[in-house]
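Reader: Before I rely on any label, I would like to see the value and the cut-off behind it. Could you take me through this model in that way?

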Amino acid sequence: MHTEFRRAEIPKEIRSLIIFDHKAFQKYPADWFDQATWQATESWWMIGGKRKIGCCAFERHIDFKEDIHPDKDNPHRRGSLYIATTGILPQFRTMGFGTLMKSWQLSYARHHGFSRIVTNTRKSNKVMITLNQKFGFKIIRTTPGYYDSPRESTVVMERRL
Ligand SMILES: CC(C)(COP(=O)(O)OP(=O)(O)OC[C@H]1O[C@@H](n2cnc3c(N)ncnc32)[C@H](O)[C@@H]1OP(=O)(O)O)[C@@H](O)C(=O)NCCC(=O)NCCS
């Protein structure tokens with residue numbers, strides 16, 4: 001299958017991003033991004049054939065600190081790429097597309113001169129944590145109670161480049 005990455009057009013594709021997010025994170029409605037979050041992030045589609053099969057969103061020159069300072073926005077940090085979300089549609093999982101997208105994220109970060117990537121996920125999300133570790137990400141902290149419904153810790157991971 002021909003696969004490519006295409007930047008989502010904002011605001012035109014916000015509705016498509018919201019629909020995609022609901023399918024990719026169907027188990028966790030509490031984690032769905034709202035319109036303002038899609039507006040503020042740089043989002044990319046992974047296209048397989050002609051279908052949107054994956055999506056991820058970045059915040060450039062941002063550190064993830066929302067878990068330890070919930071009352072503040074994530075701070076600016078030069079050279080830090082925050083991966084705010086990564087998702088593959090359920091029917092396309094376990095075929096290597098998550099691995100392909102992770103590999104592309106590392107290439108993207110290097111190509112654009114970032115010196116580290118930071119990301120976070122639910123502690124129970126062993127697939128994502130293992131996938132990140134496969135690409136050299138290290139756990140830098142685990143913060144209890146970050147997620148709701150169900151209440152759960154967030155695992156924050158970093159990849160130095
Ligand atoms: C996490 C996610 C992106 C992985 O995508 P994917 O396309 O299934 O990934 P891959 O097919 O490349 O598989 C990656 C690894 O996970 C393993 N894996 C995937 N799904 C699995 C499952 N349900 N149980 C056990 N292992 C699984 C694969 O075997 C593979 O391991 P390997 O490299 O040792 O063979 C996908 O499951 C997803 O979109 N989940 C929902 C959204 C989410 O939780 N995102 C992360 C938080 S931001």
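Author: We can begin with Asp31, which is found in the loop between α1 (14–24) and α2 (35–40); helices (H or I, at least four residues) and strands (E, at least two) are DSSP runs, numbered from the N terminus. This is a predicted model, in which local features need pLDDT of at least 70 and side-chain atom pairs count only at pLDDT 80 or more, while totals for chains, interfaces and linings use all residues. Residues are numbered from 1 along each chain as its sequence is written, and side-chain values use heavy atoms, with hydrogens and water left out.

Reader: Why does Asp31 count as buried?

Author: Buried means under 20% relative accessible area, exposed means over 50%, and partly exposed lies in between (1.4 Å probe, protein chains only). Asp31 has 18% relative accessibility and therefore counts as buried.

Reader: What makes the link between the side chains of Asp31 and Arg122 a polar contact?

Author: The term requires a pair of N or O atoms within 3.5 Å; within protein, one must be able to donate a hydrogen and the other to accept it, and residues adjacent in sequence count only if both atoms are side-chain atoms. The side chains of Asp31 and Arg122 are joined at 2.9 Å, and this is a polar contact. With contact taken as heavy atoms within 4.5 Å, and not counting residues up to four places away in sequence, Asp31 touches Arg122, Tyr147 and Asp148.

Reader: Why is Pro150 called partly exposed?

Author: Pro150, found in the loop between β6 and β7, has 44% relative accessibility and so counts as partly exposed. Leaving aside neighbours within four places in sequence, Pro150 is in contact with Tyr28 and Arg122; Pro150 and Tyr28 are 122 residues apart in sequence, yet 8.2 Å apart in space, C-alpha to C-alpha.

Reader: What makes β1 (3–7) and β6 (138–147) the edge strands?

Author: Two strands pair if DSSP finds at least two bridges between them. The open sheet has 7 strands in the order β1-β2-β3-β4-β5-β7-β6, with mixed pairing, and β1 and β6 are its edge strands, as each pairs on one side only.

Reader: How do you know that β5 pairs with β4 and with β7, and in which sense?

Author: β4 and β5 run parallel and are joined by 4 bridges, with Val118 in β5 as the bridge partner of Tyr82. β5 and strand β7 (residues 152–160) pair in the antiparallel sense over 7 bridges, and there Thr119 has Met157 in β7 as its bridge partner.

Reader: How many helices and strands does the chain have, and why is the chain described as compact?

Author: The chain has 4 helices and 7 strands. Its radius of gyration is 15 Å, close to the 15 Å that the globule rule gives for 161 residues, so the chain is as compact as a globular protein of that length; the radius is taken over C-alpha atoms, and the rule is 2.2 Å times the number of residues to the power 0.38. Buried residues make up 47% of the 161 residues, and the C-alpha trace spans about 40 × 35 × 30 Å along its principal axes.
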